[in-house]
Amino acid sequence: MPVELRLARPGDLPAIVTLIADDAIAAARTGELGDEHRAAFDAIEADPGNELVVAELDGEVVGTMQLTYIPGISRRGSLRLQIEAVRVAAPLRGRGLGRRMMEWAVERGRARGCALVQLTTDKARKDAHRFYDSLGFVASHEGYKLTLG
């Protein structure tokens, strides 16, 4: 599958929002494309510690993920890579695209000097848990969130 992984461009935003919202868990909290999504895109694009990535196949955005590089004092002051909002278009799931995206992200983190790659996934996403396990990720921590507003 000749997929190109690249940083997102403003014109990709409608497809990114659609991919993220194409899911019962995320649909309500993502909403439809609006000014808040454009503002978030602009903030991500302006921040060298964040990258919004797309997978493109035959000119169509078919996958997305956000990479955040977090500096920290622990692990001897090293960076960690946080991967969020990993999505693959429904017709392409199970065909290796998600694996290729994750391998690309890990290599990108390695190239930036990250000592650790971390991610969160909803407890209800059992298929995602199996996928991340198959990539060598370990469910080593319990995560907590507090919704504000």
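Tutor: Contact here means heavy atoms within 4.5 Å. This is a predicted model, so local features need pLDDT of at least 70 and side-chain atom pairs count only at pLDDT 80 or more, while totals for chains, interfaces and linings use all residues. Residues are numbered from 1 along each chain as its sequence is written, and side-chain values use heavy atoms, with hydrogens and water left out.

Student: OK, what does Leu97 touch?

Tutor: Not counting residues up to four places away in sequence, Leu97 touches Val3, Ala55, Val62, Val88 and Leu92.

Student: And which residues have the most contacts inside the largest nonpolar core?

Tutor: Leu97 is one of them, along with Met65, Leu67, Ile83 and Met101. That core has 34 residues. A nonpolar core is a set of buried Ala, Val, Leu, Ile, Met, Phe, Trp, Tyr and Cys residues joined through side-chain atoms within 4.5 Å. Buried means under 20% relative accessible area, exposed over 50%, and partly exposed in between, using a 1.4 Å probe and protein chains only.

Student: Which elements give two or more residues to this core?

Tutor: α1 (13-21), α3 (35-46), β2 (50-57), β3 (60-71), β4 (79-88), α5 (97-111) and α6 (126-134). The helices (H or I, at least four residues) and strands (E, at least two) are DSSP runs, numbered from the N terminus.

Student: Let's take α5. Which of its residues are buried?

Tutor: Leu97, Gly98, Met101, Met102, Ala105 and Gly109. Seen down the axis of α5, they fall within an arc of 130°, so they line one face of the helix. The arc is that of the directions from the helix axis to the C-beta atoms. On the face turned away from that buried side, α5 carries the exposed residues Arg110 and Ala111.

Student: What do the buried ones pack against?

Tutor: β1 (4-7), β2, β3, β4, β5 (114-119) and α6.

Student: Val17 next. Buried or exposed?

Tutor: Val17 counts as buried, because its relative accessibility is 6%. Val17 sits in helix α1. Leaving aside neighbours within four places in sequence, Val17 is in contact with Thr30, Gly31, Glu32, Leu33 and His37.

Student: And Ser78, where is that found?

Tutor: In the loop between α4 (74-77) and β4. Ser78 is buried, at 17% relative accessible area. Outside the four places either side in sequence, Ser78 touches Ile70, Pro71, Gly72 and Ala115.

Student: Switching to the sheet, what order do the strands have?

Tutor: It's an open sheet of five strands in the order β1-β2-β3-β4-β5, with mixed pairing. β1 and β5 stand at the edges, each with a single partner strand, so one side of each is left without a neighbour in the sheet. Two strands pair if DSSP finds at least two bridges between them.

Student: How many bridges do β4 and β5 have?

Tutor: Five, and they pair in the parallel sense. Ile83 stands opposite Leu119 in β5, and Ile83 is also among the core residues with the most contacts.
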